[in-house]
Amino acid sequence: MKKIEAIVQSGSRDAVVSAIKKIGVGGVTVHSVQGQGSEDPPLIGQYYSKEMIICVVEDPKLDDILNAIANVACTGTKGDGKVFVTTVDDALDICTKKRGTTSI
């Protein structure tokens with residue numbers, strides 16, 4: 001399983017969620033976040049508002065999801081965002097007690 005954390009412009013949040021849901025992602029978590037990119041000037045206390053979309057997916061879906069995010073979130077301008085992918089060793093659905101990919 002892979003955990004995808006996509007940091008995107010606020011205006012593309014709904015399009016990203018819709019695109020990844022079409023691929024078969026069950027659930028997503030969305031956070032409003034603020035930050036600075038590595039090339040942004042070090043302005044203390046000044047951050048850019050973005051949206052972070054988090055989901056956990058089965059490995060075979062990863063490339064399709066990354067392509068979908070890039071296709072809908074790219075405006076061609078600086079600051080479109082980043083996507084981070086990490087490996088998830090296990091997962092547990094608290095109520096059903098299902099583990100692994102059956103829990104997502």
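A pocket, on a 1 Å grid over the protein atoms alone, is an open set of points where a 1.4 Å probe fits, with protein on both sides within 12 Å along at least five of seven lines. The structure is a predicted model, in which local features need pLDDT of at least 70 and side-chain atom pairs count only at pLDDT 80 or more, while totals for chains, interfaces and linings use all residues. Residues are numbered from 1 along each chain as its sequence is written, and side-chain values use heavy atoms, with hydrogens and water left out.

**Second largest pocket**
- The second largest pocket holds about 180 Å³ of space, a volume being the space filled by probe spheres set on the grid points, which are joined across faces, edges and corners.
- Its lining has 13 residues, with V25, G26, G27, V56 and I104 nearest the centre, where lining residues have an atom within 4 Å of a point.
- With four residues, β3 gives the most to this lining, strands being DSSP runs of E of at least two residues and helices runs of H or I of at least four, numbered from the N terminus.

**Helix α2**
- L62, I65, A68, I69 and A73 of α2 are buried, that is, under 20% relative accessible area, with exposed meaning over 50% (1.4 Å probe, protein chains only).
- These residues cover an arc of only 130° around the axis, which puts them on the same side of α2, the arc being that of the directions from the helix axis to the C-beta atoms.
- The face turned away from the buried side carries the exposed residues D63 and N71.

**K97**
- K97, in the segment after β4, has a positive phi of about 70° although it is not a glycine.
- K97 is exposed, with a relative accessible area of 60%.
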